[in-house]
Amino acid sequence: LDHLDCVILDEADEMLRMGFIDDVEWILEKTPDGVQTALFSATMPQPVRRIAGKHLTDPVESRDNERTAGVDAIDQQYWLVKGAKKADALTRILQAASFDGVIVFVKTKNATMEVAKTLEEKGFRAEALNGDLAQNARERTVNRLKNKQLDILVATDVAARGLDVERISHVINYDMPFGVDPYIHRIGRTGRAGRSGQAILFVSKNERRLLKTIENATKQKIRQISLPSNKAVNEKRVADFKHNIGTMLNSPDLADFQQIIESFAKEQERPVAEVAAAVAKMAHGDSPFYLPADKKEYGAGGEKAPAKPHKKKAALDSKPVKDIHHARTDSSGKQDVKESQKSFRPEKKNHTRLEQGMNRYRIEVGRNHGASPRDIVGAISNEAGLEGRHIGSIEMNGKFSFVDLPTGMPSEIFNLLKKTWVRSRRMAISKCA
């Protein structure tokens, strides 16, 4: 370091929070006298001020007093975490949103990979951005986002530092940030260059206090939202489908395909519109295009809505359904952890006794397909709108599984579950004798 002329200490508060500050100070002590030193920090906690006072010579402080500048251009919303799982809620929100580029902020590196994988499985172009990525890999990922080869980044705060992509229309705080300043930095990724943006915050019940703190600091009310209904998702799917058709109408080689379609329709004596619909179905795949109509008893968007019981639902509420996803409680009030750990065991000849008010179903998805009980619960909850508390015992085998569901299931829900996919396989549910 003898010939060093300049030292720039960037993101000082972040290095302090991550525990690097002692190493930074050790390096600064090795720099020669007279070196020019500049320090940049989003916040100025006391340890950072101490280092500035010790290692900077006659420093001039430049402060941005408007830490909330630009927030006015951002539509801030929050969803109170309940009922549906966060991953299912994130998917539902994105399915109904008209977005360009999205950054989803999570707390850990593992979460970036898990959430990105979930979104990819749902058909979104998503990738993880975390500290394990080499710099060249990080640059390739960011460039893919800029070039519209990628739509969603799932990132940690550290990995997203310095990220500036104009097309970011939405920032989703999947995990609550550590404080007000990280929140402001996160949502500042959108609403740039005079454009509007949206920021959505997932808030659990014990995080409401921080929500109020953020509102006070930004001097803006963050409005609460509900998960989009099936109707809203369906409307978005139709709009996207029409948009894609309109875009494809400008393709230069469209005449070749038009000739094939017209020729086939003539040969089969079928309307051209019917043949075009078959081609669209072929391109879309086997999964249903529309989500089922919203049901009051199952709730829109996976959340239970208040409704009066009717005949089809009577059996569901006839008695509380045992939720085996939680540790059981004995007569003394203590949780039987061992019993909870045994809840999801491979299928044996004498599987668990069927509870009153429940029917047992077989699904053609098992452990050999990479599925877990969590995947099965998520698929049933998300696709059928059936709350997790209504899902009973799940016993998994290699190639198939058993799941206990309430009696009185409406036929439309049963037919939907037949076509529901879990880990790239159709559930193909059938009722056991």
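The structure is a predicted model, in which local features need pLDDT of at least 70, side-chain atom pairs count only at pLDDT 80 or more, and totals for chains, interfaces and linings use all residues. Residues are numbered from 1 along each chain as its sequence is written, and side-chain values use heavy atoms, with hydrogens and water left out. The chain contains 15 helices and 17 strands; helices (H or I, at least four residues) and strands (E, at least two) are DSSP runs numbered from the N terminus. Of its 433 residues, 40% are buried, where buried means under 20% relative accessible area, exposed over 50%, and partly exposed in between (1.4 Å probe, protein chains only).

**Overall contacts and surface**

- Among contacts between residues at least 6 apart in sequence, 73% join residues at least 24 apart; a contact means heavy atoms within 4.5 Å.
- The chain exposes about 25,200 Å², of which carbon and sulfur atoms supply 51%; accessible areas come from the Shrake-Rupley method with a 1.4 Å probe, and for residues only the protein chains shown count as cover.
- Leu-1, Leu-4, Trp-26 and Ile-27 form a nonpolar surface patch with about 410 Å² of accessible area together.
- Patches are made of residues with over 30% relative accessible area and no salt bridge, like charges being joined within 9 Å and nonpolar side chains (Val, Leu, Ile, Met, Phe, Trp, Tyr) within 5 Å.

**Nonpolar cores**

- The largest nonpolar core has 23 residues, and those with the most contacts inside it are Leu-90, Val-104, Leu-119, Ile-152 and Phe-202.
- At least two residues of this core come from each of helix 4 (86–96), strand 4, helix 5 (109–121), strand 5 (126–129), strand 6 (152–155) and strand 8.
- A second, separate core of 20 residues includes Ile-376, Ile-391, Val-403 and Leu-405.
- A nonpolar core is a set of buried Ala, Val, Leu, Ile, Met, Phe, Trp, Tyr and Cys residues joined through side-chain atoms within 4.5 Å.
- Leaving aside neighbours within four places in sequence, Leu-119 contacts Leu-90, Thr-91, Leu-94, Phe-124, Ala-126, Ile-152 and Val-154.

- Helix 7 (residues 180–187) is largely enclosed by the rest of the structure, because six of its eight residues are buried.
- The buried residues of helix 7 are Val-180, Asp-181, Tyr-183, Ile-184, Arg-186 and Ile-187.
- These buried residues of helix 7 pack against strand 3 (74–80), strand 4 (101–105), strand 7 (168–173), strand 8 (197–203) and helix 8 (208–218).
- In helix 1 (residues 12–17) lies Glu-14, which is buried at a relative accessible area of 9%.
- Residues up to four places away in sequence not being counted, Glu-14 touches Val-158 and Arg-161.
- The C-alpha atoms of Glu-14 and Ser-41 are 8.0 Å apart, although the two residues are 27 apart in sequence.

**Salt bridges and cysteines**

- The whole structure holds 18 salt bridges, each a side-chain nitrogen of Lys or Arg within 4 Å of a carboxyl oxygen of Asp or Glu.
- Lys-86 pairs with Asp-175 in a salt bridge, with the closest N and O atoms 2.8 Å apart.
- This pair links distant parts of the chain, 89 residues apart: Lys-86 lies in helix 4, and Asp-175 in the loop between strand 7 and helix 7.
- Lys-86 is partly exposed at 24% relative accessible area, whereas Asp-175 is buried at 13%.
- Arg-167 and Asp-151 form a salt bridge at 3.1 Å, N to O, and both are buried.
- Glu-25, Glu-29, Arg-50 and Lys-54 are linked in a network of salt bridges.
- A search of the whole structure finds zero disulfides, a disulfide being a pair of cysteine sulfur atoms within 2.5 Å.
- Cys-6 is partly exposed at 38% relative accessible area, and Cys-432 is partly exposed at 25%.

**Backbone geometry**

- Most residues other than glycine have a negative phi.
- Glu-11 has a positive phi near 55°, lies in the loop between strand 1 (6–9) and helix 1, and is partly exposed at 24% relative accessibility.
- Lys-219 also has a positive phi, of about 55°; Lys-219 is found in the loop between helix 8 and strand 9 (223–224) and is exposed, with a relative accessible area of 73%.
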